[in-house]
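Let's take a short tour through this model, one selection at a time. Keep your viewer open and follow along.

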Amino acid sequence: MNYAPPSPPANLEAFSFDNSYARLPQQFFARVAPTPVAEPWLIKLNRQLAGELGLDVETLEREGAQIFSGNRVPEGADPLAMAYAGHQFGTFVPQLGDGRAILLGEVIDRSGQRRDIQLKGPGQTPFSRRGDGRAALGPVLREYIVSEAMFALGIPTTRALAAVVTGQPVYREQILPGAIVTRVAASHMRVGTFQFFAARGDMASVKALADYAIERHYPEVKDEARPYLAFYKAVTARQAELIARWLHVGFIHGVMNTDNMTISGETIDFGPCAFLDVYDPKKVFSSIDQFGRYAYASQPGIGQWNLARLAETLVPLFDEDEGTAVELANDALGEYGAIFQRHWLNGMRAKIGLVTSEDGDLDLVQALLTAMHQSEADFTLTFRRLSDSAGEPTAETAFKALFASPEAIDPWLRDWRARLSREDKDPAARATAMKAVNPAYIPRNHRIEQAIAAATEDADFSLFEALVDVTARPYDDQPGFSAYQAPPEPEEEVQRTFCGT
Ligand code: AMP
Ligand code: MG
């Protein structure tokens, strides 16, 4: 008898890579392999996302430490670091690029979408400048927690497929455990990717990049009379909506440099990001944002500023006549404000339970925000308790307790009830609809910090796991987890968050 040994599957990890970015001209990237690490250990595999990507979950549970650390590059990967430039806090840097990230390749997910699989923290690349190409455990956990929470909130975002510790220290102000997060994105093209080529006067590459971005994210614009202008408008519209949605959940990105703004419209780069506790439009958490450039309420304006930088790179593609091209760009950028405002106001209407629109709605929303600011009310709790109040008037007591005094909010409540009475909607149904847009759970900063401290100091990942679990169902009341709804006690408050470098 012939006992042939069973042949191993061709690709044990079963990533069916199809690497379109690697087929672009060579100035778009540098091929580079991850640098192996000493003793990788899998902290977390996102099983749901792995399934979505058509990956074999059991294999990844077993082999994930090797794969997601970069120690073993899966078959079919074509690892590379992308080239990009960017305005950092308003200053143009002509070359940034993936200094601590390596794109393994792209897979087509179960719904037919092309997704990038990227390791963040896998060692040096030609773009590392003086950096070590590594990531510390804290920022890796923060990115995992917050990007997955954003996804659960329904906001376009990159995802986290896995987190590993490397078994090697990284040297920052302190010595910290090294880690790597595997990021999944619709793509990693940024405003700064266009700037990289435009700054070199390489319009052929700008055009090639635009063609690629259109094919990948905006194929519908190909039929337009001016496809590049339509592309630009489409990016603008997606970013306007994205930033409106950040504001609806109290999210502060913290480092909205042009290299951290995607072409796809996904949130990317969870460095010094944080969610508001107390409502304060000027709130800044980032330790490197000294002048409040990226404060909560500054984000819409900064979005427009970044999109103006994108327009500058594309303008020669809008029209052969320079004057006409600039005029088209200005008109397109001019639409941003109205698009943002429409998304923002519609979202705010939903947050206060309105299903129709009236002229006075903006004033009603602003009056609530003003009262919240004056009373230092918790942003998330205010809207959640308001949702309860819509269904059950006795719940108003808990809502009112968030404000400095009854006088601070009673007049607003009267106006709100009067406005609701002009709509024909069942109170219970209204409360349910409101709870579907007003989360009970966000990854509060103090919880993130506690999870990072336990993991970093004691290799205890239980708080990280719990936070990931709770924020995976942000809109559901989860009995037994009400503590995760609570704002920080004064001694728990986090004033500063740090960049993931
Ligand atoms: P970020 O703060 O993630 O937006 O990164 C800004 C730029 O700095 C990007 O070009 C990064 O690749 C680069 N960078 C950040 N941290 C490191 C590091 N530890 N090693 C090398 N490059 C880094
Ligand atoms: Mg970045």
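Start with ligand 2, the magnesium ion, in this predicted model. Select Asn-260 and Asp-269: the protein donors of the ion are OD1 of Asn-260 and OD of Asp-269, at 1.9 to 2.2 Å from the metal. Are these two residues buried or exposed? Both Asn-260 and Asp-269 are buried.

Next, select ligand 1 and display the residues around it. There are 18 of them, and those that come nearest are Gly-97, Gly-99, Arg-100, Asp-132 and Gly-133. Colour this shell by residue type and you will find 8 charged, 8 polar and 2 nonpolar residues.

Now zoom in on the polar contacts of ligand 1. Begin at Arg-129, where a polar side-chain atom sits 3.1 Å from an oxygen atom of the ligand. Move on to Asp-132: an N or O atom of its side chain is 3.0 Å from a nitrogen atom of ligand 1. Then show the backbone of Arg-134, which has a polar atom 3.4 Å from a nitrogen atom of ligand 1.

Zoom out and colour the chain by domain: domain 1 spans 21–188, domain 2 224–345, domain 3 353–435 and domain 4 445–492. Where does ligand 1 lie? Domain 1 and domain 2 both give residues to its shell, so ligand 1 lies between them.

For the last stop, select domain 3 and domain 4. Their C-alpha centres are 27 Å apart, and 4 residues of domain 3 are in contact with 5 residues of domain 4.

Note on methods. Residues numbered from 1 in each chain as written. Chains lettered and ligands numbered in written order. Predicted model: local features only at pLDDT ≥ 70, side-chain atom pairs only at ≥ 80, totals over all residues. Heavy atoms only, no water. Donors = N, O, S within 2.8 Å, 3.2 Å for Na, K, Ca; no water. Buried < 20%, exposed > 50% of the residue type's maximum accessible area, 1.4 Å probe, protein only. Near = heavy atom within 4 Å. Polar contact = N/O pair within 3.5 Å; in protein donor to acceptor, adjacent residues only side chain to side chain. Nonpolar A, V, L, I, M, F, W, Y, C, P; charged D, E, K, R; others polar. Domains from an automatic or database assignment. Contact = heavy atoms within 4.5 Å.
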